[in-house]
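Visitor: I would like to learn how to read a protein model. Could you walk me through it, feature by feature?

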Amino acid sequence: MISNQILQSTIDGLKAIARVDMCVLDIDGNVLATTFDEAAQLMMDTKGFIDSPAESQVVSGCQFFKVFDEQQLEYVLLAKGDGDDVYMIAKIACFQIQNLLVAYKERFNKDNFIKNLLLDNFLLVDIYNRSKKLHIEAQRPRLVYIIRIDRDKDGSELESVRSLFSGKQGDFVTTVDEKNIILVKEVAPDYTEEQLYKIAESIEGAFVGGSKRNLHIAYGTVVKDIKEVSKSYKEAKMALDVGEIFFENKQIIAYSALGIGRLIYQLPLPLCRMFIQEVFQDKKPDEFDEETISTINKFFENSLNVSETSRQLYIHRNTLVYRLDKLEKSTGLDLRVFEDAITFKIALMVVKYMKHVENSDF
């Protein structure tokens, strides 16, 4: 169904050109859009016209027209005046509304198709048949972006994303739940990773102020066939979840950039607990003080470089060595040794993942 706002904009535009007042009513006689105040007073005449077999007639100085969608009555259009010019303008308005009905129906059907495609609700043969009927090219490179943002009831965030890509025929913006906005983006065959990231940045740029701090964008990998769009969607979903755990300070995250976090995310909790017990034994990572944690993180950031880490922490090299020796005594892991550093890094990530799962379950 066409929104009242679009109907109002349509008849406002026609009035500005032709200077003819018009009104659009539903099949119950309720005013949906109007350019003149007296329209509500014609409700009884409208109901009589709806019940009549006539497709157009003149009543009380107004011309009444029925607007059909595939032989089903959808709207009644009133045009103020009874001359031939008014009749012609009203017929143009009816034609415009009928075209809007066709466009909105096509958009609804495409939106419904994309939703079911993302959720794997189609058989393979249905995907190709329906995409052909809807004039959606099957063999095009596409990927899925998921935009998670605190959404208002008016749906302004969804329309903001739609407005960014409304001029691109191969792009689709939809939702499958209350949390996320989904963009199925068609890309050029010679795309680059930088271009994919810039698309995410353009979405980020559409949201400013307070909303932006709660914004996260994730995207999957490019697929070449429409049947694989759900694969890119699942990747984007995983990127969003993994990013929330291991990259909480990043607003944009790609599935291809998840690294080892993607592997840890798929580990069962019993295996995680067993690994942590083996690495830390009776010492829990939660028990490390803030100074130790910040030292470890900075040491990893600087690729195990003692001199650079001590410089950035504003401490003497010997102080850093002392802290690392102390950590080795308590855990048995020497972070200056690459293999021990990798084990410790993975263990910290596993602990972070376990906390996330436990808090989510709670």
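This is a predicted model: local features need pLDDT of at least 70, side-chain atom pairs count only at pLDDT 80 or more; totals for chains, interfaces and linings use all residues.

Visitor: Which residues lie nearest the centre of the largest pocket?

Guide: Lining residues have an atom within 4 Å of a point. The largest pocket has 22 of them, and Asn297, Lys345, Leu348, Met349 and Lys352 lie nearest its centre. Helices (H or I, at least four residues) and strands (E, at least two) are DSSP runs, numbered from the N terminus. Both α10 (290-301) and α13 (338-361) supply at least two residues of this lining, and α13 gives the largest share, nine residues.

Visitor: How many lining residues of the largest pocket are nonpolar, polar and charged?

Guide: Ala, Val, Leu, Ile, Met, Phe, Trp, Tyr, Cys and Pro count as nonpolar, Asp, Glu, Lys and Arg as charged, and the others, Gly among them, as polar. The lining has 12 nonpolar, three polar and seven charged residues.

Visitor: Now the inside. Which residues touch the most other members of the largest nonpolar core?

Guide: Buried means under 20% relative accessible area, exposed over 50%, and partly exposed in between (1.4 Å probe, protein chains only). A nonpolar core is a set of buried Ala, Val, Leu, Ile, Met, Phe, Trp, Tyr and Cys residues joined through side-chain atoms within 4.5 Å. The largest one has 56 residues, and Phe113, Val144 and Phe344 touch the most other members. Among the elements giving two or more residues to this core are α3 (84-118), β6 (142-148) and α7 (229-246). The most comes from α13, with 10 residues. Another core, of 22 residues, lies apart from it and includes Tyr145 and Tyr219.

Visitor: What is phenylalanine 344 in contact with?

Guide: Contact means heavy atoms within 4.5 Å. Leaving aside neighbours within four places in sequence, phenylalanine 344 is in contact with Phe280, Phe288, Ile296, Phe300, Leu327, Thr331, Leu333 and Leu335.

Visitor: Is glutamine 63 buried or exposed?

Guide: Glutamine 63, found in strand β4 (residues 62-69), is buried because its relative accessible area is 4%. A polar contact is a pair of N or O atoms within 3.5 Å; within protein, one must be able to donate a hydrogen and the other to accept it, and residues adjacent in sequence count only if both atoms are side-chain atoms. A polar atom of the glutamine 63 side chain lies 3.0 Å from the backbone oxygen of glycine 83.

Visitor: Where does arginine 19 lie?

Guide: Arginine 19 is in the loop between α1 (4-18) and β1 (22-25). Its phi is near 60°, a positive value in a residue other than glycine. With a relative accessible area of 78%, arginine 19 is exposed. Leucine 304 also has a positive phi, near 65°, and lies in the loop between α10 and α11 (306-312). Leucine 304 is partly exposed, at 23%.

Visitor: How far apart in space are tyrosine 104 and isoleucine 2?

Guide: They are 6.7 Å apart, C-alpha to C-alpha, though 102 residues apart in sequence. Tyrosine 104 belongs to helix α3. Now take serine 56 and serine 202: 146 residues separate them in sequence, and 49 Å in space, C-alpha to C-alpha. Serine 56 is found in strand β3 (residues 56-59) and touches Phe49, Phe64 and Phe65, not counting residues up to four places away in sequence.

Definitions and conventions:
Residues are numbered from 1 along each chain as its sequence is written. Side-chain values use heavy atoms; hydrogens and water are left out. On a 1 Å grid over the protein atoms alone, a cavity is a set of points where a 1.4 Å probe fits but cannot get out, and a pocket is an open set with protein on both sides within 12 Å along at least five of seven lines; lining residues have an atom within 4 Å of a point.
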